[in-house]
Amino acid sequence: MIDILFRNPYLNDTAYVVVCKGKASNILNMKIKGYPSSGDFIAGLIKNSKYYNFFSDNYKIIDMFFDVDSEGRNIALPYIEITDKGIEITGMALFKKDKMVTKINVDELKTMNMLKENDVRGILTIQKNPKEYINYYATSKRKINCVKKGDKYNFTINIDLKGDIIANTLYKGLQNSPEENIEFDKTMAKKVKGNCDDFIAKMKNKYKVDCLNLGEIAAAKYGRQTGVDWNSIVCNSEIEVNVQVKVQKTGRGGY
């Protein structure tokens, strides 16, 4: 399919690409109120997803061409299906080059996007019970350092989260208490780091594919076209994650 698309001179290579559950024709034939076609609805869905769950805007055909043909990169595409609410993004399809290997859920894709993408936005939540929770709308900046020791590669991923509190029933004195602000920063950073460590363990042992594109960074630093399998190398590397959290505004989050 990729080869056919690439050879088509009339193709709009800025169109979005998604993976559908079941037959794509069933989704494309759906009638959605307010939209001329379900294709228009899906395009808007993917385009606006960058404001949530730390999605990027790199799900176009031209991005797919780049990912499949670049050393140390793999394709990751939004996974959509028909639910009781209509057409929804229910996860992310992970590929090893041009072969899909698995689908991850929304919680996992949120963590993966923070590890993989830079300058993306999303909502993070700490919830104690149905009535006590806090929602934090943050921008994630990510930097990666790669060091080679012998035949082993060590990666350090630094995630810097800055954002606003948009709902809060958990920290009662957050607006006026520096101590509670510091406590929230530490708690959220610990939670995000735990999620990242869990995802990396799954990536290494279950998915066995470099869905974070760390191989691209290693290849750029230590040499391309060496014939190595970056999926195997990354999955056998040490990957450390550091997370920093800062609240910029509490806004009207306390009520």
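**Stop 1: a charged network**

Select Lys21, Glu81 and Lys103. Salt bridges link Lys21, Glu81 and Lys103 in a network. The model you are viewing is predicted. How many salt bridges does a search of the whole structure find? The search finds nine.

**Stop 2**

Go to Asp67 and Arg73. Their side chains meet in a salt bridge, 2.7 Å from N to O. Are Asp67 and Arg73 buried or exposed? Asp67 is buried, and Arg73 is buried too.

Next, pick Glu108 and Lys202. Here too the side chains meet in a salt bridge, with 2.7 Å from N to O. This pair links distant parts of the chain. Glu108 sits in helix H5, residues 106-116. Now compare their surroundings. Glu108 has 12% relative accessibility, so it counts as buried, the cut-off for buried being under 20%. Lys202 has 36%, so it counts as partly exposed.

Stay on helix H6 and select Lys193 and Asp197. They form a salt bridge, and their closest N and O atoms are 3.4 Å apart. Both residues lie in H6, four residues apart, which is about one turn of the helix. Lys193 is partly exposed, at 30% relative accessibility. Asp197 is partly exposed as well, at 31%.

**Stop 2: Thr83**

Move to strand E2, residues 76-83, and select Thr83 in it. Its relative accessible area is 25%, so Thr83 is partly exposed. Which residues does Thr83 touch, leaving aside its neighbours within four places in sequence? Thr83 is in contact with Glu88 and Thr90. Show the side chains of Thr83 and Glu88: a polar contact of 2.6 Å joins them.

**Stop 3: helix H7**

Select helix H7, residues 214-222. Colour Leu214, Gly215, Ala218 and Ala219, which are buried. Now turn the view to look down the axis of H7. The buried residues fall within an arc of 135°, so they line one face of the helix.

What covers these buried residues? The cover includes strand E6 (132-149) and strand E7 (152-168). Helix H8 (230-235) and strand E8 (238-249) are also among the covering elements. Step past the end of H7 to Gly223. This glycine follows the helix and has a positive phi, near 120°.

**Stop 4: aromatic rings**

Show the rings of Phe, Tyr and Trp. The structure holds nine aromatic pairs. Take Phe55 and Tyr59 as one of them. Their ring centres are 5.9 Å apart and their planes stand at 80°, so this pair is edge-to-face. Phe55 is buried, at 3% relative accessibility. Tyr59 is buried, with a relative accessible area of 3%.

Now select Tyr136 and Phe184. This aromatic pair is edge-to-face, with 5.4 Å from centre to centre and 80° between the planes. The pair links distant parts of the chain, 48 residues apart. Tyr136 is in strand E6, and Phe184 is in helix H6. Tyr136 and Phe184 are both buried.

**Stop 5**

Leaving aside neighbours within four places in sequence, Phe184 is in contact with Ile126, Ile134, Tyr136 and Ile165, among others. Tyr171, Leu174, Val245 and Val247 are also in contact with Phe184.

As a general point, nonpolar side chains tend to be buried together in soluble globular proteins.

Methods:
Residues are numbered from 1 along each chain as its sequence is written. This is a predicted model: local features need pLDDT of at least 70, side-chain atom pairs count only at pLDDT 80 or more; totals for chains, interfaces and linings use all residues. Side-chain values use heavy atoms; hydrogens and water are left out. A salt bridge is a side-chain nitrogen of Lys or Arg within 4 Å of a carboxyl oxygen of Asp or Glu. Buried means under 20% relative accessible area, exposed over 50%, partly exposed in between (1.4 Å probe, protein chains only). Helices (H or I, at least four residues) and strands (E, at least two) are DSSP runs, numbered from the N terminus. Contact means heavy atoms within 4.5 Å. A polar contact is a pair of N or O atoms within 3.5 Å; within protein, one must be able to donate a hydrogen and the other to accept it, and residues adjacent in sequence count only if both atoms are side-chain atoms. The arc is that of the directions from the helix axis to the C-beta atoms. Rings of Phe, Tyr and Trp (its six-membered ring) pair if their centres lie within 6.5 Å; planes under 30 degrees apart count as stacked, over 60 as edge-to-face and the rest as tilted.
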